[in-house]
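Biologist: Before we talk, could you put the sequence and the structure up, so that we can go through some local features and then the contacts between parts?

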Amino acid sequence: MTKAKKKDASLKAPLKTRLRQDLKYIRRHPAMYLMVVPGLTVLLIHKFIPYYGILIAFKDYNIFAGKNPLDAIGASEWVGTYWFEKLFSGRDFMKVLKNTLIINFSKILWIFPIPILCAIMLNEIERKTYKRLVQTVIYVPHFFSWVIVYGIFLSLLATSGVVNELLIALGFNKINFFTNTEVFRGILVFTEGWKSIGHTAIVYLAAITGLDMELFDAARVDGAGRLKQIWHITLPGILPSIVLMLILKVGHILDHGFEQVLLFYNSTVYEVADIIQTYVYRQGIGRMEFSYSAALGLFNSVVAFILIVGANAISKKTLHRSIW
Amino acid sequence: MKNHSRRSSGPPRGKQDKLVTACSYLIMTVMGLLCLLPCLHVVSKAFSSNTAVTLGEVYFWPNGWQTDALKYVLLQTDYLNALKNSVIVTIIGVVCSMVITVLFAYPLSEPQFRGRRLLTLLCMVAMVFSGGMVPTYMVFRSLGFLNTYKALIIPHLLSIFNLLIVRNSFEGLPDGVKESARIDGAGDFQVLTTIVCPMSKPVLATVSMLYAVNYWNSYFDAALYITNDKLKTIQVYLKNVTADINAVSEALKSMTGKTIHTDGMIACAVTLTVIPIIMVYPFVQRYMVQGITIGSEKG
């Protein structure tokens, strides 16, 4: 923070002096500028050149119009907002937008409170070895890729899998989980929780262990029980972390869960599971509707951008903490 | 996590307190089991006999020990080749990522560095605004990255999140040591390699782990940019095996005359993909927990 202020002060100097100082610094420290070259190159290739590719959404893009796909962008004809009009008037857009919002809101609704409770309960466990054991175990699924999580649940939820065996034993009918439109979103929410709860719980646990221990001691002297301590000290103490996490989740409501859905879904559940990015992938890469899906992709990027920047502004205002 | 039990010590006093503690033990044990048992079940299935799998009589321990299916999946499918690809991509990727990240983070951490604000802004833009799947695909296709390791490495080469972690850690180092090295005539590069990096070892270790997990677990890049079977990574391999499990099962039958239920075959493939992670998990877990603490402190 102090460093940033120093910098601010130097900015107030007249332009000429500043430029002279800049040049002097650059001449003295060429290595510093060489160091940023590799990183900038990566950003250029993977982030900034693709920005030029956004033009695809405003053109009737023909991938073979030029020497290579990038060159073809320039050679393709402008069509203005044609693809956006087509997109917004079509039925698919509303469907995938709705699915994206429903799936990601349900995830927040069902999963969000659980890691907070887990962290508080983990903190209540007094035997250190046992606490560490539980931590280690609930943290493992976070390391599994979505493909592995998919494989595990494919095995558990198969028609002859252990979950269906259990359903039959309890007197229910078998469910074909992966093709049933009624339960499919439930699977997405559940597996998301299975993969992420342990990790998020440990994030909160780190926040709890950062709290001032004397507060707890003082409360105990005043005769406050565990529940009162949790309610009056722990929860308010980690509230900033909770709010920050919630803001982040809402900020990513449009661009979350792509790999998961891509792996779990199939054509029988498109109606309830197809989200913006899976749709972009199928239409764009699969069916080569490049311009149409680039338009949807751009819509997605812009709204996601607004949401994230907005979320950060809220976080800065309320918590005085930036997400990044 | 050491000495992190910050609560009151001594036994719980009231009835209510006892109940809270008991519930915590109970619920957290259930949570642990919910995470552990699915994995145990799948691994057990991989080692169970065909009859047991078909009849659904496998729970959390192998029933009727056999390893034929596992051997078949290990040796006769693309598993070893996919494993090799994933290992290569992860190792090359982590080394390149760390070099790029450290080099980029150092100037950004120096308050005197001219251009710091502009570069930081560029990083922020890159982080929050994506060109989108189709444009990125076109760039990779134009540059000839399709069906090369490059397509698997470049998307994860520089994580802005990791860059900020490293930058913040560099910023936190005491200025004095760097200053005295500079007075002794060390150049910027020397200061970075001989002073700054050795002093930031724990953070660098953590960040390499974060990168390694990214590379190892990435599925979509391989699915999007790679069509050559020889270059498939372990994640794509597992997805493909589960998709064509009937064909794999048939092949096993025609080769060995043994029938293994497709569920058992899927379990074998999952088990083989999980094993490398479980094997390195004890070694990396410490760094990952550190990563969380660093992540929550930054900002």
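Predicted model: local features only at pLDDT ≥ 70, side-chain atom pairs only at ≥ 80, totals over all residues.

Biologist: Is A:Met288 buried or exposed?

Modeller: A:Met288 lies in the loop between α16 (276-286) and α17 (290-319) of chain A, and it has a positive phi of about 60° without being a glycine. Because 12 other C-beta atoms lie within 10 Å of A:Met288, this residue is exposed.

Biologist: With which residues is B:Val274 in contact, leaving aside its neighbours within four places in sequence?

Modeller: B:Val274 belongs to helix α15 (residues 262-297) of chain B, and with 23 C-beta neighbours inside 10 Å it counts as buried. The C-alpha atoms of B:Val274 and B:Cys39 are separated by 8.7 Å, although these two residues are 235 residues apart along the chain. Once the neighbours within four places in sequence are left aside, the contacts of B:Val274 are A:Ile148 and B:Cys39.

Biologist: How many residues does α1(B) give to the side of chain B that touches chain A?

Modeller: The contact between the chains takes 93 residues from chain A and 86 residues from chain B. On the chain B side, helix α1 (residues 15-47) gives the most. By class, that side has 51 nonpolar, 25 polar and 10 charged residues, and the contribution of α1(B) to it is 17 residues.

Biologist: Which element gives the largest share of the side of domain 1 of chain B that touches domain 2 of chain B?

Modeller: Chain B is divided into domain 1 (1-66) and domain 2 (67-299), whose C-alpha centres lie 30 Å apart. Their contact takes 12 residues from domain 1 and 15 residues from domain 2, and the elements that give two or more residues to the domain 1 side are α1 and α2 (50-54) of chain B. The largest share of that side, 6 residues, comes from α1(B).

Biologist: On which residue is the kink in α3(A) centred?

Modeller: Helix α3 (residues 30-53) of chain A has 24 residues, which should span 34 Å at 1.5 Å a residue, and the 33 Å between its end C-alpha atoms agrees with this. The buried residues of α3(A), among them A:Val42, A:Leu43 and A:His46, pack against α4 (69-75) of chain A and against several helices of chain B, including α4 (79-109) and α5 (116-128). The kink in α3(A) is about 45° and is centred on A:Leu44.

Biologist: What arc do the buried residues of α8(A) cover around the axis?

Modeller: In α8(A), the buried residues are A:Lys131, A:Val134, A:Gln135, A:Ile138 and A:Tyr139. An α-helix has 3.6 residues a turn, so residues three or four places apart point the same way.

Technical notes. Residues numbered from 1 in each chain as written. Chains lettered and ligands numbered in written order. Contact = placed C-beta atoms within 7 Å. Helix = DSSP H or I, 4+ residues; strand = E, 2+ residues; numbered from the N terminus. Nonpolar A, V, L, I, M, F, W, Y, C, P; charged D, E, K, R; others polar. Buried ≥ 20, exposed ≤ 12 C-beta atoms within 10 Å, placed from the backbone. Domains from an automatic or database assignment. Expected span 1.5 Å × (residues − 1). Bend = angle between axes of the 7 residues up to and from the residue.
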